[in-house]
Amino acid sequence: MRAAFAVIAALALAFLALPVVAIFLRVSPATLVRELGDPVARDALVVSLRTSALAQLLVVVLGTPTAYLLATRRFRGRSMALTLVELPLVLPPAVAGIGLLAAFGRSGLLSTSLAFTQSAVVLAVAFVAAPFYVRTAVAAFEGVDAALVDAARTLGARPWRVFARIALPLAASGLGAGLALSFARGLGEFGATIMFAGSLQRVTQTLPLAIYAEFAQSFDVALAIGALLVAFSFTLLLAVKWLRSDWISPSRFAPSVSG
Amino acid sequence: MSLLAVFAAASLTAVFPGIDRAPRFQFGGSDQLAFQIRQGAPADVFASASPKYVQQLHARGLCSKPKVFATNTLVLIVPRANPAHIRSVYDLRRRGIKLVVGAPGVPIGDYTRTLLTRLHLRSALSNVVSDETDVKLVVAKVALGEADAGFVYRTDVKPAGKRVIQFELPVRAQPTVKYELCVPTKRKHPQLAARFVREVLSKRGRAALKAAGFGLP
C-alpha cells in the first residue's frame with residue numbers, strides 16, 4: 001500500500017509542479033530576464049507593487065482591529081461577520097468585479113468615479129485579499145495566551161495597552177503570515193481588476209493583466225511575467241511557512257504561565 | 001449538436017448564430033483566437049475581423065486560403081446619458097474624458113489607432129482609460145456608463161440597444177475593415193467546415209450580414 005501511495009503522491013506532485021516548471025523551461029533563463037526588461041513588464045511590475053502596497057496597508061489598518069474584535073469578543077452576529085469576512089475567499093473574482101462595479105461604478109450604488117483608476121485596482125485587490133489576512137489574524141489573536149491577557153488586566157492595564165503591549169506582539173508572527181498570504185493573493189488578482197479597473201499600461205495594468213494582454217501578442221513577455229509571479233509567490237509562501245512555525249511552536253515570547 | 005467548432009471575431013457574436021445555429025461558437029478577439037489556433041485549439045472554421053491573422057495562419061500552412069466575406073466601419077459610441085457631453089469625435093481631445101478602446105494588436109484597437117491618426121487626433125489617446133481585449137468589452141464599458149466614449153464597429157451598436165448613442169465618423173478617415181475566414185488544416189470535419197463557409201458566403205448569409213449592418217465585399 002505504501003508503494004502505491006508513494007506513486008500516487010509522486011504523480012500528484014508532478015502534476016502540480018509541471019506547469020510551473022514549464023514556464024521556466026519553455027525559454028532560456030536569459031530570455032526570461034531580457035523579456036522582463038520589456039516596457040510592458042516593467043510598467044506592470046511598478047503598478048502591481050504600488051497598488052499591492054496600498055491595498056495591504058488598507059487591509060492591515062482596517063483588518064487588524066476587526067480581527068482583534070472578532071477574536072476577543074463574543075457578540076450577536078459574530079459568526080455572520082466571520083462568514084462575511086470569508087466570503088471573498090470562495091466568491092468567483094468575476095462576481096467581485098461586477099459587485100465592485102455595481103457598488104462603486106459611476107451608475108452604481110455609491111456612484112463614484114473610481115472605475116479605471118489605480119484606486120479601483122487597490123479596492124479590487126483589497127477586496128479579494130483581505131480575507132486571507134483577517135482570517136489568519138483572528139486565529140493569531142485567539143492563540144494569544146488568555147492567562148497573560150488576564151494578568152495584564154489584573155495589573156491594571158487598560159484595553160488599549162493590553163492590545164498594543166500584549167496581544168499585538170504575541171500575535172505578530174501570525175499577523176505577518178496573514179499579511180504574506182494576503183499579499184500573494186493580491187498580486188495574483190485578475191478578474192475583479194479587469195472588470196472594475198480596466199487594463200491600461202502604467203495605470204491599471206498589473207502583472208496578471210499584462211500576462212493576459214501579452215499572451216497573444218508576445219508569448220515570451222507573458223512567460224517572463226509568469227516566471228516573476230511564480231518567484232514572488234514562492235518566496236511569500238516560504239515566508240508564511242517560516243512565520244507560522246515561529247507562531248505555532250512554543251513561542252519564545254510567551255512561556256505559558258499555566259503550563 | 002453539430003461537431004463543428006467555429007472561432008469567430010467578437011463582432012460576429014450577434015450575426016453568426018443567425019446564419020447557422022448548429023456549430024459550437026467561440027467568440028473573442030481575433031488575435032487571441034489566432035493564438036489559440038496556433039497552439040492547437042480545435043477550430044474547424046476561423047473568421048477574423050482583420051486579414052492579418054488569417055493570412056498569418058495561411059502563410060504557416062495552418063489554414064486554407066482566406067476568403068473575404070464582410071466589411072465594416074467604425075463609429076464612436078457614448079452612453080445614452082452622455083455624461084461627458086460629447087457632440088463629435090473632436091471632443092475627445094478634451095482632457096478628463098474617459099475613453100475606452102481596443103488594445104494594440106486587437107483588430108478594433110489597431111483600426112481605432114489608424115482612424116485617430118488619419119483624423120490628426122492621436123492626442124485623444126491620452127484620454128484612454130482602458131485597452132480592452134475585444135470589441136464587446138469596449139461596448140460593455142460604454143453601455144454600462146462607466147466610460148464616456150468608445151470606438152466600436154457599426155454592427156455593435158444595434159446589439160447594445162438603447163444604452164448607447166452613436167456618432168458617425170468621417171468617411172475619409174475610415175480604415176479598411178475586412179473580415180476573412182479560413183478552414184484550419186488537419187481537422188476531422190473539412191466537409192462540414194466547407195459547408196459553413198458556403199453558408200456564410202451564400203445569398204442568405206450575405207443577407208444576414210447586411211441586415212446586421214455589415215458591408216459586403
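This is a predicted model: local features need pLDDT of at least 70, side-chain atom pairs count only at pLDDT 80 or more; totals for chains, interfaces and linings use all residues.

His85(B) is found in the loop between β5 (74-79) and β6 (99-102) of chain B, where helices (H or I, at least four residues) and strands (E, at least two) are DSSP runs numbered from the N terminus. Its phi is near 50 degrees, a positive value in a residue other than glycine, and at 55% relative accessibility His85(B) counts as exposed, given that buried means under 20% relative accessible area, exposed over 50%, and partly exposed in between, with a 1.4 Å probe and protein chains only.

Residues are numbered from 1 along each chain as its sequence is written, chains are lettered from A and ligands numbered from 1 in the order in which they are written, and side-chain values use heavy atoms, with hydrogens and water left out.

Phe116(A) also has a positive phi, of about 70 degrees, although it is not a glycine. Its place is in the loop between α5 (93-104) and α6 of chain A, and with a relative accessible area of 5% Phe116(A) is buried.

Chain A as a whole comes to eleven helices and zero strands, and buried residues make up 39% of its 259 residues. In helix α1 (residues 2-26) of chain A, the 25 residues should span 36 Å at 1.5 Å a residue, and the end C-alpha atoms are 35 Å apart, which agrees; the expected span is 1.5 Å times one less than the number of residues. Within α1(A), a kink of about 40 degrees lies at Leu18(A), shortly before the proline Pro19(A), the bend being the angle between axes fitted to the seven residues ending there and the seven starting there.

A polar atom of the Thr112(B) side chain lies 2.6 Å from the backbone oxygen of Ile108(B).

The largest nonpolar core has 104 residues, and those with the most contacts inside it include Leu12(B), Phe69(B) and Tyr179(B); such a core is a set of buried Ala, Val, Leu, Ile, Met, Phe, Trp, Tyr and Cys residues joined through side-chain atoms within 4.5 Å. Its largest share, 13 residues, comes from helix α6 (residues 118-142) of chain A. A second, separate core of 15 residues includes Ala44(A) and Val240(A).

Finally, the contact takes 20 residues from chain A and 23 residues from chain B. The two chains bury about 1,700 Å² between them, 48% of it on carbon and sulfur atoms, where buried area is the accessible area (1.4 Å probe) that two parts lose on being put together, summed over both. Arg106(A), Phe116(A) and Leu200(A) supply 39% of the area that chain A buries against chain B, more than any other three residues.

Terms used. A polar contact is a pair of N or O atoms within 3.5 Å; within protein, one must be able to donate a hydrogen and the other to accept it, and residues adjacent in sequence count only if both atoms are side-chain atoms. Contact means heavy atoms within 4.5 Å.
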